[in-house]
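I opened the notebook to log what I looked up in this structure.

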Amino acid sequence: MDKKKRLRKKYFIYRKKKYFDIKPSFFNPLLRLIKKKNKKRFINLASYYPASYEVNILKLFKTEVINKLRIFLPVLTGVGKMDFYEWKKNEILEINKFGMLEPVLLSRKIVPDIMLVPLLAYDNQ
């Protein structure tokens with residue numbers, strides 16, 4: 001467990017250093033894949049509001065593809081239950097009991113086409 005703790009700390013520091021280096025072009029490989037694989041008019045993209053130096057997905061709003069994306073954020077709706085609701089840039093968010101930001105104005109919930117999930121690091125094992 002000690003090794004795992006050291007690795008988490010190492011990669012958290014690395015992520016913190018790189019946080020402000022993210023440019024909209026960082027998302028180009030993802031956006032190309034979305035365009036190639038999905039011919040729908042709009043794509044329901046479940047995402048997260050970045051915290052603790054997670055990849056700043058807000059830079060997606062500076063890309064040309066944003067007009068084809070509908071962004072959905074998770075809302076905790078019960079014990080072990082999460083639904084996704086649409087969120088547009090600059091709409092008000094509220095802090096839930098775990099400190100995560102959630103949309104205030106709830107539209108109808110959806111099942112996303114694609115999900116972006118934050119992680120700190122991974123290995124091949």
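**Entry 1: a pair in H1.** I started with Arg-6 and Asp-2. Their side chains meet in a salt bridge, 2.9 Å from N to O. This is a predicted model, so I read every value here as computed from it. I checked where the two residues sit. Both lie in helix H1, which covers residues 2-18. They are 4 residues apart, about one turn of the helix. Next I asked: is Asp-2 buried or exposed? Its relative accessibility is 52%, and exposed means over 50%, so Asp-2 counts as exposed.

**Entry 2: Asp-83 and its partners.** I then looked up the total and found 4 salt bridges in the structure. Two of the entries I followed involve Asp-83. Asp-83 forms a salt bridge with Lys-81, with the closest N and O atoms 3.4 Å apart. Asp-83 also forms a salt bridge with Lys-109, and there the closest N and O atoms are 3.8 Å apart.

Entry 3: Which label does Asp-83 get, buried or exposed? Its relative accessibility is 12%, and the cut-off for buried is under 20%, so Asp-83 counts as buried. I checked the two lysines as well. Lys-81 is partly exposed, with a relative accessible area of 39%. Lys-109 counts as partly exposed too, at 47% relative accessibility.

**Entry 4: the sheet.** I traced the strand order next. An open sheet is formed by 4 strands, in the order S3-S2-S1-S6, and its pairing is mixed. The edge strands are S3 (81-86) and S6 (114-115), each of which pairs on one side only. Strand S1 (residues 43-46) runs parallel to strand S2 (residues 69-78), and 4 bridges join them. What is the bridge partner of Leu-45 in S2? I found Ile-71.

**Entry 5: Asn-44.** I stayed in strand S1, where Asn-44 is found. Asn-44 is buried, with a relative accessible area of 14%. I listed its contacts, leaving aside neighbours within four places in sequence. Among them are Arg-70 and Phe-72. The list also includes Ile-110, Val-111, Pro-112, Asp-113 and Ile-114.

**Entry 6: the whole chain.** I finished with the overall values. The secondary structure comes to 2 helices and 6 strands. Along the sequence I read the pattern α-α-β-β-β-β-β-β. The C-alpha trace spans about 45 × 35 × 30 Å along its principal axes. How much of the chain counts as buried? I noted 32% of its 125 residues. Residues 24 or more positions apart account for 64% of them. The accessible surface comes to about 9500 Å², and 56% of that belongs to carbon and sulfur atoms. Last, I looked at charge. The chain has 29 positive and 11 negative side chains. The centres of the two sets lie 6 Å apart.

How values were computed: Residues numbered from 1 in each chain as written. Predicted model: local features only at pLDDT ≥ 70, side-chain atom pairs only at ≥ 80, totals over all residues. Heavy atoms only, no water. Buried < 20%, exposed > 50% of the residue type's maximum accessible area, 1.4 Å probe, protein only. Contact = heavy atoms within 4.5 Å. Areas by Shrake-Rupley, 256 points an atom, 1.4 Å probe, with all protein chains shown as cover. Lys, Arg positive; Asp, Glu negative; His and termini not counted. Charge placed at Lys NZ, Arg CZ, Asp CG, Glu CD. Pairing = 2+ DSSP bridges.
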